[in-house]
Amino acid sequence: MTDTDLSPLARPRVKMKPKSNARAIRHGFPWVYANELVTDRRTKKLAPGSLAVLEDEGGIALGLVAVNPESKIIARMLDRDAQAQIDVAWFVKRLERAQALRSQLYDAPFYRLVHAESDGLPGVVIDRFGAACVVQPNAAWAEAHLAALTEALAQVTGCEVILKNASGRTRGLEGLDDQNAVLKGTAPEDPVPVGMNGATYMADLTGGQKTGLFYDQRDNHAFAARLVAPGAEVLDVFSHVGGFGLAMLAAGAGRATCVDGSAAALELASAGAAASGHGDRFEARQGDAFDVLAALATEGVQYDVVICDPPAFAPSKQALEAGLRAYERVAKLAAPLVKPGGYLGLCSCSHAADLTLFRNASARGIGRGGRRGQLLHTGYAGADHPQLPQLAESGYLKAVFFRLD
């Protein structure tokens, strides 16, 4: 008999330690850390992803959790009802709630459908691409219930293709494999075109980074597009499939140069520019972003708008100091490439570097680059990436836009 076969009344019970912060759990914090839970022999023997009733130190039930004794996050809150049955119907209810929000926000089914804890599905990310969905089950409980999740997802969305992407960094922390899979239908052989902000992006659902496209920057792409005057020269560094560059071309930029280390990503960016009708005004430059920024400075070129959207330099608290130095270096190298009166946008997807730390590192870098700037706008992830107020990690994305002297 597996954990999922147990009746709710037969589930194991796990207990928080005395003086642990049970109040935070009651007030909506979704995680219990390993040092907060009584990890006796019975608890340690629970299979990763097992369902259990979480109790406070006095034995009062707090809700139903998924337990992974191998993870630093040893328990994730699934439902305040400790007797809830995690089945297809349970997933349908959560997915319908998530779908209702996105359907109200967007006029086409291209968005992040599920943003993990913020949508009541801890560790689960689902991006929708029209008739296809890409699922990242980044927690052991989600992997164990993947069949029910897939059935519910097909029922709620009507999607004909559902893919599993196993590239998430947290899967390793949960003891999970990195094997992608087709859960329903047939994987598309070609990139999927996605329209956003007047541009067409090409999403590779099987071979691209993460789920194939970063929907979280949609609103920041739109703000960057507002900075573009007709004929402007723009530079998009760490561009992936051309996120900022294509949006600025659609807004009337005269030329966009996209820089990325991945030749495959730049091919998709080029294809997106062509599909958008701007192929003749698009340039790709492959190489290490730091090296390219330094080379552009020696070439003496400057741009009306420069955007830098690097990967997470500070994915953990241990990497914070090194990450902040890297963000400062990006700003230092990018600032001299901006024409006087032009604009510099800097982004961070590192949850360990909060807004204040990131903004300060960016400002230091601009100063070290010999420039001064006005902070015009601070952007975050779009509304299809809602934040859970109790969980700072759910608000990971920051974008700061400066006008330089």
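Trainee: Why is Phe238 called buried?

Mentor: In this predicted model, Phe238 has a relative accessible area of 16%. The term buried requires a value under 20%, so Phe238 with its 16% qualifies as buried.

Trainee: Why is Asn197 called partly exposed?

Mentor: The relative accessible area of Asn197 is 33%. Buried would need under 20% and exposed over 50%; 33% falls in between, and therefore Asn197 is partly exposed.

Trainee: How many aromatic pairs are there, and why is that of Phe238 and Phe313 called edge-to-face?

Mentor: The count comes to 14 aromatic pairs. In the pair of Phe238 and Phe313, the ring centres are 6.3 Å apart and the planes stand at 80 degrees. Rings pair if their centres lie within 6.5 Å, and planes over 60 degrees apart count as edge-to-face, so this pair meets both conditions.

Trainee: What makes this pair a tie between separate parts of the chain?

Mentor: Phe238 is in the loop between strand S13 (233–237) and helix H8 (243–250), whereas Phe313 is in the loop between strand S16 (303–308) and helix H11 (320–334). The pair therefore ties together parts that are 75 residues apart in sequence. Both Phe238 and Phe313 are buried.

Trainee: How do you know that Tyr327 and Phe358 form an edge-to-face pair?

Mentor: Their ring centres are 5.2 Å apart, with the planes at 80 degrees. The limit for the centres is 6.5 Å and the planes must be over 60 degrees apart, so the pair of Tyr327 and Phe358 is edge-to-face. Tyr327 belongs to helix H11 and Phe358 to helix H12 (residues 355–368), so this pair ties together parts that are 31 residues apart in sequence.

Trainee: Why are Tyr327 and Phe358 called buried?

Mentor: Tyr327 has 2% relative accessibility, and Phe358 has a relative accessible area of 1%. Each value is under 20%, so each residue counts as buried. Ring pairs link Phe238, Phe290, Phe313, Tyr327 and Phe358 into a cluster.

Trainee: What makes S1 and S2 the edge strands of their sheet?

Mentor: Five strands form an open sheet in the order S1-S3-S4-S5-S2, with mixed pairing. Strand S1 (13–15) and strand S2 (31–33) are its edge strands, as each pairs on one side only. From one strand to the next the twist averages 40 degrees.

Trainee: How do you know that S2 and S5 pair?

Mentor: Three bridges join S2 to strand S5 (residues 73–79), in the antiparallel sense.

Trainee: Which strand does S5 meet through four bridges?

Mentor: Strand S4 (residues 61–67) is joined to S5 by four bridges, and the two run antiparallel. Leu64 stands opposite Asp79 in S5, and a hairpin of five residues connects S4 to S5.

Trainee: Why is S5 described as largely enclosed?

Mentor: Seven of the seven residues of S5 are buried, so the strand is largely enclosed by the rest of the structure.

Trainee: How do you know that the span of helix H5 agrees with expectation?

Mentor: At 1.5 Å a residue, the 12 residues of helix H5 (residues 146–157) should span 16 Å. The end C-alpha atoms of H5 are 16 Å apart, which agrees. Among the buried residues of H5 are Leu146, Leu149 and Leu153. Gly158, which follows H5, has a positive phi near 75 degrees.

Trainee: Why is Ser20 called buried, and what does its side chain contact?

Mentor: Ser20 has a relative accessible area of 17%, which is under 20%, so Ser20 is buried. A polar atom of the Ser20 side chain lies 2.5 Å from the backbone oxygen of Lys17. Ser20 is found in the loop between S1 and helix H1 (22–26).

Trainee: How do you know that the radius of gyration agrees with a compact globule?

Mentor: For 405 residues, a compact globule would have a radius near 22 Å; the protein has 23 Å, which agrees. Buried residues make up 54% of the 405 residues.

Key. Residues are numbered from 1 along each chain as its sequence is written. This is a predicted model: local features need pLDDT of at least 70, side-chain atom pairs count only at pLDDT 80 or more; totals for chains, interfaces and linings use all residues. Side-chain values use heavy atoms; hydrogens and water are left out. Two strands pair if DSSP finds at least two bridges between them. Axes are lines fitted to C-alpha atoms, for helices over the stretch in contact, and angles run from 0 to 180 degrees between N-to-C directions. The expected span of a helix is 1.5 Å times one less than its number of residues. Buried means under 20% relative accessible area, exposed over 50%, partly exposed in between (1.4 Å probe, protein chains only). A polar contact is a pair of N or O atoms within 3.5 Å; within protein, one must be able to donate a hydrogen and the other to accept it, and residues adjacent in sequence count only if both atoms are side-chain atoms. Rings of Phe, Tyr and Trp (its six-membered ring) pair if their centres lie within 6.5 Å; planes under 30 degrees apart count as stacked, over 60 as edge-to-face and the rest as tilted. The radius of gyration is taken over C-alpha atoms; the globule rule is 2.2 Å times the number of residues to the power 0.38.
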